[in-house]
Amino acid sequence: MVLLRRVIGDALRARRQGQHRTLREVSTAANVSLGYLSEIERGQKEASSELLAAICDALGARLSELLSEVSNTLAIAENMEGVLVPLDEEATDVSVSVRQDSPLKTTLRATRKQQRDIVYAA
């Protein structure tokens, strides 16, 4: 099952890396520890709305933009068979990442526990 915190973390990491900024730079600007920001980006911790707003502010983005991006990613995942609901009993852990290749092409990668990759292009 796709975890919201992983999709949020992927979106934050993509924004930070797109700006060629380090975790240290963003953590300092957002007033959050580097380790905690790293855990948020990896989807290991769930950030509060206040913390998400501070991170977005440090990235020069609006919280609504981030949440819209996350919502769009989840909507894509909902339309793919087996991403939000496993196809079989063994495939219970799915990680989803999104890469914006161009304004008209987005790549969504779903990785299952069995290390099989399923790539969908939109």
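Colleague: Which residues have a positive phi although they are not a glycine?

Modeller: H20 is one, with a phi of about 55°. N31 is another, with a phi of about 60°. H20 sits in the loop between α1 and α2. N31 sits in the loop between α2 and α3.

Colleague: Is H20 buried or exposed, and how do you know?

Modeller: Compare its value with the cut-off. Exposed means over 50% relative accessible area. H20 has 72%, so H20 is exposed. N31 also comes out at 72% relative accessibility, so N31 counts as exposed.

Colleague: What makes L51 count as buried?

Modeller: Buried means under 20%. L51 has 16% relative accessibility, so L51 counts as buried. L51 belongs to helix α4. Setting aside residues up to four places away in sequence, L51 touches V32, Y36 and I40. L51 and A30 are 21 residues apart in sequence, yet their C-alpha atoms are 8.0 Å apart in space.

Colleague: Why is E41 called buried?

Modeller: E41 has a relative accessible area of 4%, so E41 is buried. E41 is found in helix α3. Its contacts, not counting residues up to four places away in sequence, are G9, D10, L12, R13, R16 and L23.

Colleague: How do you know that the buried residues of α4 line one face of the helix?

Modeller: Begin with the list: L51, L52, I55, C56 and A58 are buried in α4. Seen down the axis of α4, they fall within an arc of 160°, so they line one face. The face turned away from that buried side carries the exposed residues E50 and D57. The buried residues of α4 pack against α1, α2, α3 and α5.

Colleague: What about the buried residues of α5?

Modeller: In α5, L66, V70, T73 and A77 are buried. Down the axis of α5, these residues fall within an arc of 60°, so they line one face too. There is a general reason behind such patterns. An α-helix has 3.6 residues a turn, so residues three or four places apart point the same way.

Colleague: How far does α5 reach, and what span is expected?

Modeller: α5 covers residues 63–78, which is 16 residues. From first C-alpha to last, α5 reaches 22 Å, close to the 22 Å expected at 1.5 Å a residue.

Colleague: Which residues touch the most other members of the largest nonpolar core?

Modeller: That core has 18 residues, and I8, L12, V26, I55, L66 and V70 touch the most other members. The elements giving two or more residues to this core are α1, α2, α3, α4 and α5. The largest share, five residues, comes from α4. Take I55: leaving aside neighbours within four places in sequence, I55 is in contact with L12, V26, A30, L37 and I40.

Colleague: Where is confidence lowest, and where is it highest?

Modeller: Strand β3 is lowest, with a mean pLDDT of 51, and α2 is highest, at 97. Over residues 86–92 the pLDDT is below 50. The protein averages 80, and 65% of the residues score at least 70. Where pLDDT is low, the predicted coordinates should not be read in detail.

Definitions and conventions: Residues numbered from 1 in each chain as written. Predicted model: local features only at pLDDT ≥ 70, side-chain atom pairs only at ≥ 80, totals over all residues. Heavy atoms only, no water. Helix = DSSP H or I, 4+ residues; strand = E, 2+ residues; numbered from the N terminus. Expected span 1.5 Å × (residues − 1). Buried < 20%, exposed > 50% of the residue type's maximum accessible area, 1.4 Å probe, protein only. Arc of directions from axis to C-beta. Core = buried A, V, L, I, M, F, W, Y, C linked by side-chain atoms within 4.5 Å. Contact = heavy atoms within 4.5 Å. pLDDT = per-residue confidence, 0-100.
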